[in-house]
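Subject: Structure for your review

Dear colleague,

Please find below the structure I promised to pass on to you, together with its sequence.

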Amino acid sequence: MKNHHSHLRLLLSASLLAGMFSSSNAQGVLTVGGTVIDAISGVPIPFVNIVVRGTNSGTSTDSLGNFTLLLDTDELHVVTVTHIGYEKWVKEFIALSPREIRWTVKLPPQTISFSEVSIVAQRPFIQRRAKYVLTAADFEKIGEPDMDRALRHLLPEVASTWDARVRDEEQDFTLYLDGVWKESFNVFSIDPYTVKQLLVWEPRLSPIGMPVVQGNLVVSIETQRKQ
């Protein structure tokens with residue numbers, strides 16, 4: 001009987017310790033509310049992109065520049081706030097406890113200027129024949145997490161809206177993603193922060209193995225990881 005009671009006490013102690021351990025390590029949720037404003041005029045900025053790097057978490061500001069972001073506690077987060085025409089705002093921090101905090105994010109206006117095209121010796125033909133060349137620095141500079149919007153902003157001569165491309169094939173383009181032909185709507189699945197290089201060719205100058213399938217231009221996107 002004594003051994004039976006001792007066994008019960010051990011089981012109860014183990015159960016209690018397990019409960020204490022799980023409760024002490026349970027994640028909570030940190031609620032971040034805030035407003036994004038123009039650093040010079042103080043005017044709220046609507047439709048700003050707010051993204052947690054490396055996750056699918058994110059949101060955007062409403063018409064009054066307000067936002068709410070939910071983050072797990074006890075994790076390192078890198079939050080980026082971006083809007084075309086403004087400098088990128090980045091905050092890296094650890095949410096230590098479930099609570100509510102508020103940020104006022106001030107974005108300084110920015111004039112976009114793109115890097116010059118540099119000819120890489122190993123790929124002279126591809127670089128020289130390209131109509132447009134974009135690098136990772138160009139996508140990082142504008143800080144737009146939506147690839148379709150980023151492409152339309154950086155290369156409006158190349159990328160129309162998806163609706164326009166569907167209605168008129170002449171406004172579409174042939175997409176090669178990491179060397180493989182894809183329908184152009186696949187740009188929606190690309191993370192701009194993974195792009196190493198983007199090249200655009202006219203049909204007669206496109207590389208061997210990258211023929212025109214649709215539209216009037218060939219767009220090749222090389223990423224840091226295979227899609």
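Strand β8 and strand β11 (residues 195-201) run antiparallel and are joined by 4 bridges, where strands are DSSP runs of E with at least two residues and helices are runs of H or I with at least four, both numbered from the N terminus. Two strands are taken to pair if DSSP finds at least two bridges between them. Within this pair, Val133 stands opposite Leu199 in β11.

Please keep in mind that this is a predicted model, in which local features need pLDDT of at least 70 and side-chain atom pairs count only at pLDDT 80 or more, while totals for chains, interfaces and linings use all residues. Residues are numbered from 1 along each chain as its sequence is written, and side-chain values use heavy atoms, with hydrogens and water left out.

The β8-β11 pair belongs to an open sheet of 5 strands, ordered β8-β11-β12-β9-β10 with mixed pairing. Its edge strands, each pairing on one side only, are β8 (132-135) and β10 (180-182), and the twist from one strand to the next averages 20°, taken between axes that are lines fitted to C-alpha atoms, with angles running from 0 to 180 degrees between N-to-C directions.

Phe139, in helix α3 (residues 136-142), has a relative accessible area of 1% and therefore counts as buried (buried means under 20%, exposed over 50%, and partly exposed in between, with a 1.4 Å probe and protein chains only). Leaving aside residues up to four places away in sequence, Phe139 touches Leu134, Glu144, Met147, Ala150, Leu154, Pro192, Val195 and Leu198, a contact being heavy atoms within 4.5 Å. The C-alpha atoms of Phe139 and Leu154, which lie 15 residues apart along the chain, are separated by 8.5 Å.

Val166, by contrast, is found in helix α5 (residues 162-167) and counts as exposed because its relative accessibility is 54%. Together with Trp162, Phe185 and Phe188, Val166 forms a nonpolar surface patch with about 380 Å² of accessible area. Such a patch consists of residues with over 30% relative accessible area and no salt bridge, nonpolar side chains (Val, Leu, Ile, Met, Phe, Trp, Tyr) being joined within 5 Å; a salt bridge is a side-chain nitrogen of Lys or Arg within 4 Å of a carboxyl oxygen of Asp or Glu.

For the chain as a whole, the secondary structure comes to 5 helices and 12 strands, and 37% of the 227 residues count as buried.

Note on methods
Patch = residues over 30% accessible without salt bridge, like charges linked within 9 Å, V, L, I, M, F, W, Y side chains within 5 Å. Areas by Shrake-Rupley, 256 points an atom, 1.4 Å probe, with all protein chains shown as cover.
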